[in-house]
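Please read them alongside the coordinates.

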Amino acid sequence: MSRSLCALLPLLLWPVISSAYETSAEIHAINEKGEDTLLGRIGIRETPEGIQLSPSLRGLPPGQHGFHLHENPSCEPGEKEGIVQAGLGAGSHYDPDKTGKHLGPAGQGHKGDLPMLTVAPDGSAATPVNSARLKSGDLKGRTLIIHGAADNYADQPGGSRIACGIIK
Ligand SMILES: [Cu+2]
Ligand SMILES: [Zn+2]
C-alpha cells in the first residue's frame, strides 16, 4: 500500500467508526397559533456519558430557560383551563417510568428533565446540554421544548412554552 493511501485510511474509516446515533431537531419559536420563526437547530448525539444536545439557536430571550424532552411529537397549541396556550400538544415531560415527578436532571423523576438552556445576552444559545439518563432510543418522535423562564427543578419547570422542535 502506498504511503499516501496509508495516511488516508484513518480518514476513510472515520465515518464507520463514528457512526453512533446522531440527529438534530429544527427549533421554531411558538405561540398560541402554532409554529412561528425558525430559530435554528439542536444537534443530538450519543456519547459514552449519555446524550449531548448542542444548540445552534438565535432570537431567544437571554438567561436560563427550562428545557425538557416532552412526550408527544407535536409543537401545536392546546387548551388548558379554557385558555389556548403555545406548545401544549407536546404533552408532559417524557416519563417512561411513570414517576409523575419533576425533579430536574439529577433527580430520579421525569427522564425528560434536562439541565437548563443558557441563552447569551445577544439571544444566541450555543452551550451544549448533557443528559446522562437519556439513551438514543428515547428520542425519536419526542419533542424538545424551551420555556420562557428558569426551571427550579421542583414545582416551577419554566412557565410558558416559547420554542419547540420535534426529533424526527
Ligand atoms: Cu418543558
Ligand atoms: Zn419534568
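1. Of the 168 residues of the protein chain, 30% count as buried. A residue is called buried if 20 or more other C-beta atoms lie within 10 Å of its own, exposed if 12 or fewer, and partly exposed in between, with C-beta atoms placed from the backbone. This is a predicted model, in which local features need pLDDT of at least 70 and side-chain atom pairs count only at pLDDT 80 or more, while totals for chains, interfaces and linings use all residues. Residues are numbered from 1 along each chain as its sequence is written, and chains are lettered from A and ligands numbered from 1 in the order in which they are written.

2. The protein chain contains one helix and eleven strands. Helices (H or I, at least four residues) and strands (E, at least two) are DSSP runs numbered from the N terminus. Read from the N terminus, the order of elements is α-β-β-β-β-β-β-β-β-β-β-β. Two residues are in contact if their C-beta atoms, placed from the backbone, lie within 7 Å. Among contacts between residues at least 6 apart in sequence, 55% join residues at least 24 apart.

3. Seven strands form an open sheet in the order 5-10-11-1-2-3-9, with antiparallel pairing. Strands pair if DSSP finds at least two bridges between them. Strand 5 and strand 9 (129–131) are at the edges with a single partner strand each, so one side of each is left without a neighbour in the sheet. From one strand to the next the twist averages 25 degrees; axes are lines fitted to C-alpha atoms, for helices over the stretch in contact, and angles run from 0 to 180 degrees between N-to-C directions.

4. Strand 1 and strand 2 are antiparallel and joined by nine bridges, with His 28 partnered by Leu 38 in strand 2. Strand 10 and strand 11 pair in the antiparallel sense over five bridges, and Thr 143 stands opposite Ile 166 in strand 11. Strand 5 is joined to strand 10 by four bridges, again antiparallel, and the bridge partner of His 68 in strand 10 is Ile 145.

5. In a regular strand the side chains alternate between the two faces of the sheet. In strand 5, Phe 67 and Leu 69 point one way and His 68 and His 70 the other way, and all are buried. Strand 10 is mostly covered, with five of its five residues buried. Thr 143, Ile 145 and His 147 point one way from strand 10, whereas Leu 144 and Ile 146 point the other way.

6. Leaving out residues up to four places away in sequence, His 147 touches His 65, Gly 66, Pro 157, Gly 158, Gly 159, Ser 160, Arg 161 and Ile 162. The C-alpha atoms of His 147 and Gly 159 are separated by 6.0 Å, with the two residues twelve apart along the chain.

7. The largest nonpolar core has 28 residues, and those with the most contacts inside it are Ile 27, Leu 60, Ile 146, Ala 163 and Cys 164. Such a core is a set of buried Ala, Val, Leu, Ile, Met, Phe, Trp, Tyr and Cys residues joined through C-beta atoms within 7 Å. Strands that each supply at least two residues of this core include strand 1 (22–31), strand 2 (34–47), strand 3 (50–57) and strand 11 (161–166). Not counting residues up to four places away in sequence, the residues that Ile 27 touches include Leu 39, Ile 42, Leu 57, Leu 144, Ala 163 and Cys 164.

8. Two backbone angles deserve a look. Most residues other than glycine have a negative phi, and most peptide bonds are trans. Glu 81 has a positive phi, near 50 degrees, and is placed in the loop between strand 6 (78–80) and strand 7. Glu 81 is exposed, with 5 other C-beta atoms within 10 Å. Phi of Lys 98 is also positive, near 55 degrees; Lys 98 is in the loop between strand 7 and strand 8 and counts as exposed, with 7 C-beta neighbours inside 10 Å.

9. Gly 109 lies in the loop between strand 7 (83–85) and strand 8. Gly 109 is partly exposed, with 18 other C-beta atoms within 10 Å. Beyond residues up to four places away in sequence, Gly 109 touches Thr 99, Lys 101, His 102 and Leu 103. Gly 109 and Tyr 94 are 15 residues apart in sequence and 9.7 Å apart in space, C-alpha to C-alpha.
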